[in-house]
Amino acid sequence: MARTVIILAAGEGKRMKSQLPKVLHPLLGRSLVGHVLAAAEPLSAERTAVVVGHKAEQVTEHLAEIAPQARPVLQAEQLGTGHAVRVALDALEDVTGTVLVVNADVPLLRTATLTALIERHEEDAAAATVLTAVMAEPGNLGRIVRDAEGGLAAIVEARDADAEQLAIREINAGVYAFEADALRDALGKLTTHNAQGEEYLTDVFGLLLAAGRRLAVHTAPAVEETLGCNDRAELARLGALLRDRINDGHMRAGVTIVDPASTWIEPAVTIEPDAVIEPNTQLKGATSVAAGAVVGPEVTLVDTVVGERAEVVKAHAVLAEIGPQAKVGPYAYLRPGTTLGVKSKVGTFVEVKNSSLGEGTKVPHLSYVGDATVGDFTNIGAANVVANYNWRSKSRTIIGSHVNTGSDSVLVAPVTLGDGSSTAAGSVVDADVPPGALAVARERQVNKEGWIFKRRPDSAAAQAAQAALDAAGTADEDPADQR
């Protein structure tokens, strides 16, 4: 049977108190509407329409980025949910079969729940089916009124409900399946005789019931799936629920998450069994963590690959690849284009950008490596800098295998250090170093005796120097001789 998905995303969301449309607010790596689209995508609908209205251009641009197959449909005036669906059907034309209508602010919906709703609707040959949930405190949500046999008698908006109806705990989740022709016919009969003066999509159920059409109800397996978002507080609560759901899934699949409450993992992240995620860790985008790896504590990885049995602690990485058994951190920063080989190491206060490090290569501490290709089993000394930028352009540095650079070396790109070469500590290397050579690029040290007595005779440093000279047995010498 043909299927069409319509997502309602035209509202302003005033209670968010934001310049950003409500449906674009982020929640664990996706927008609210992005979560709904992701849940609907596996349904294999023939077409998906997203009704836009408030800041339509901004929402349309976002849709083009995340779901180019979805067609934005403009609701120029927000005259109610029924009007929004009618606008979508008019734009799509020739819609047949099942029409799934979903609000864009229910990000915890699962594909399985939408599938079950559609299957129930089609198996019952219903004109319309509503997804419901039972809540302890329904608040301002629409109520499901049942008849004596337990069937659907009406859907009543909270603002239009009487006291008896407000006591009902079964709520309308804002997700519906319709038979296309029945929906189209009922939409043409909607009125605005209600508290808001709008065309309610929920009134379609009353019209179909009056016409003797079959209606069905499907209850969501978990009430959290039906929760919507109206303000920032609700957004935060939904984020925590989604975090817990994702973490629970990983743990049940064999991943150790030491402190789930402080671990935030986005939906697209993949983690293999026997990986360990330590507290205060964020895994974002298309990050993947292989078996046996230990990530955290205090790590943020964005679109980063972590190899088997690698260790990453107190580090930040973006678009990087960390090889098997490599070690990163603490306090390391891997920028886009960084690739670390097997058993390599990027240590404390080290930044690496657009560079590859070979097997067993180490950059232990206090260094910057940018736009460089480094071979195997090389050691970059403390406080080294690959100077890759000349104020106009960036150039690449080639460092061979089994190279040892002395502490405080500066490599001025473009430059090549051959296999087995070395640099002396404190060298500024701006010419190629042949294989096996030692590059010494510094002036000979000169000590100017008595300098402190001449330039700063009354300073604490001068007093300390005089005391040291006295202790060394030069007390009988005239300080002027030191000057």
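Which class does Val385 count as by its relative accessibility: buried, partly exposed or exposed?

Analyst: Val385 counts as partly exposed, at 33% relative accessibility, where buried means under 20% relative accessible area, exposed means over 50%, and partly exposed lies in between, with a 1.4 Å probe and protein chains only. This is a predicted model, in which local features need pLDDT of at least 70 and side-chain atom pairs count only at pLDDT 80 or more, while totals for chains, interfaces and linings use all residues. Residues are numbered from 1 along each chain as its sequence is written, and side-chain values use heavy atoms, with hydrogens and water left out.

Val385 belongs to strand 34, which covers residues 385-387; helices (H or I, at least four residues) and strands (E, at least two) are DSSP runs numbered from the N terminus. Setting aside neighbours within four places in sequence, Val385 is in contact with Tyr368, Ser409, Val410 and Leu411, contact being heavy atoms within 4.5 Å.

Thr397 lies in strand 35, residues 397-399, and is buried, with a relative accessible area of 0%, whereas Val385 is partly exposed. In the loop that runs from strand 35 to strand 36 (404-405) sits His402, a residue other than glycine whose phi is positive, near 55 degrees. Most residues other than glycine have a negative phi.

His365, in strand 30 (residues 362-365), is where UniProt, in an unreviewed entry, places the feature "active site"; such annotations may be inferred rather than shown by experiment. Like Val385, His365 counts as partly exposed, here at 37% relative accessibility. Beyond four places in sequence, the contacts of His365 are with Thr348, Phe349 and Val350, and with Gly381, Ala382 and Ala383.

The peptide bond from Gly329 to Pro330 is cis, with omega near 5 degrees, and Pro330 lies in the loop between strand 24 (327-328) and strand 25 (332-334). The bond from Gly296 to Pro297 is likewise cis, with omega near 5 degrees, and Pro297 is placed in the loop between strand 18 (294-295) and strand 19 (299-302). Asp274, which is not a glycine, has a positive phi of about 75 degrees; this residue is found in the loop between strand 14 (270-271) and strand 15 (276-277), and at 59% relative accessibility it counts as exposed.

As for the whole chain, the protein has ten helices and 41 strands. The radius of gyration, taken over C-alpha atoms, is 33 Å, well over the 23 Å that the globule rule (2.2 Å times the number of residues to the power 0.38) gives for 483 residues, so the protein is more spread out than a compact globule. Along its principal axes the C-alpha trace spans about 115 × 50 × 45 Å, and buried residues make up 47% of the 483 residues.
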